[in-house]
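Please read these notes with the model open beside you. They are meant for someone new to it.

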Amino acid sequence: MNYEAFFSDELEAVRNEGRYRVFTEIERKAGSYPHAKRYVEDGTTEVTVWCSNDYLGMGQHHKVTEAMHRVIDECGAGAGGTRNISGTNHHHVLLEKELADLHNKEDALLFTSGYVSNWAALGTLAARIPNCMVLSDALNHASMIEGIRHSKADRMIFEHNNPEDLDRKLASLDPDRPKLVAFESVYSMDGDIAPIAEILDVCEAHNAMSYIDEVHAVGLYGPRGGGIAEREGLMDRITVIEGTLGKAFGVMGGYIAASRDLCDYVRTFASGFIFTTALPPAVAAGACASIQHLKESNEERDLQKERVETVRKALDNIGIPHLPNPSHIIPVMVGDAHKCKFISDWLMDNHGIYVQPINYPTVPRGTERLRLTPSPVHDDGEVDRLINALSEIWSQCELARRDIAA
């Protein structure tokens, strides 16, 4: 076999479909984000980022950066080892306490990313609980799917956000069989929100554990930023709450929050926790500062809600189609991979507007989109420039518009 030819042919096929991923090289400007410097072959250009998961701009908040500067001076750059071998720093312990408090759980366990926390926690629980059946929402994130696959446990897929289908599938199982139901609160591509209370009702009726991924909700929802489950008063009913530090909290890392014994069980048996170097202490300190601030401050959340509503109304006023949803995510629907990539490139090259195209396999073919994430750091002028540019390119591409309400 000619291996290099195989790699080349496979990549060419992806390019021909219009879904080859091009990574945009940028340098965020602390203190003036969402402005960033973009690196191109012949130099740099200035761009405004409209697709970041730093939903509240906490990555440049002075409390976060000051904490990180202080701890890097105190502790140095890295953790120095795995959590098991010299790598458990005092700041990891403080962060886990903050996370447990955020979700009103006995304990929390820190991982190097949200992907790893899902992969390791779901993989460990499903693999080691004897005869466990996993029931997974049809639109769960890749990290959840990979963790469940890695466990080699039996699994069923229930219809997206459908408690009735979940109930039917659970009812078909032996009542005494261990069961684990995995789902998300906010789904990041469509921006829809799970009917958490109804799903928990079904879980409890069938004695199933519940595992919720709140990565696109923590920091953003609830009176202290605990997520959708906190907002709806449901955290105490959920077995495992999983979240990230790399989105609304503005740093990096992932975690689970649960009972003390469950966290200890995952800590003891999860290879994705045991055999990897711990997060740098400065990162843990920055995350801790961000969580502490957002537990007390609603200013960022309130302004973000206003920005999201402003962009939605502006899109409606010019007939640009976007998926309606109750979250902070605005999917602008294009429906064609080549056009989606073309629009993204045109916005960048002509207006310095950075919106990454979202194509298959992240979303189904025919639903390609631009995923906008308005934040408190986008001002009115930047909103106007985005809307005017989208209107111009929509006309150039002869894409359909919605009827504009009178």
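1. **Basis.** This is a predicted model, in which local features need pLDDT of at least 70 and side-chain atom pairs count only at pLDDT 80 or more, while totals for chains, interfaces and linings use all residues. Residues are numbered from 1 along each chain as its sequence is written, and side-chain values use heavy atoms, with hydrogens and water left out.

2. **Helix pair.** Helix α2 (residues 62-75) packs against helix α11 (residues 281-296) at an angle of about 150°, and their axes are 8 Å apart. This makes α2 roughly antiparallel to α11 (angles over 145 degrees count as such). Axes are lines fitted to C-alpha atoms over the stretch in contact, and angles run from 0 to 180 degrees between N-to-C directions. Helices are DSSP runs of H or I with at least four residues; strands are runs of E with at least two; both are numbered from the N terminus.

3. **Contact residues.** From α2, the contact takes in Lys63, Val64, Ala67, Met68, Val71, Ile72 and Cys75. From α11 come Pro281, Ala282, Val283, Ala285, Gly286, Ala289, Ser290 and His293. Contact means heavy atoms within 4.5 Å. By class, the residues are 11 nonpolar, 3 polar and 1 charged. Ala, Val, Leu, Ile, Met, Phe, Trp, Tyr, Cys and Pro count as nonpolar, Asp, Glu, Lys and Arg as charged, and the others, Gly among them, as polar.

4. Helix α13 (337-351) and strand β2 (35-40) each supply at least two lining residues. α13 gives the most, with 5. The lining divides into 7 nonpolar, 3 polar and 6 charged residues.

5. **Backbone details.** Most peptide bonds are trans, and most residues other than glycine have a negative phi. Tyr33 to Pro34 is a cis bond, with omega near 25°; Pro34 sits in the loop between β1 (26-28) and β2. Tyr360 and Pro361 are also joined in cis, with omega about 10°. Asn131 has a positive phi, near 60°, and lies in the loop between α4 (114-128) and β5 (133-137).

Methods:
Parallel < 35°, antiparallel > 145°, perpendicular 65-115°, else oblique.
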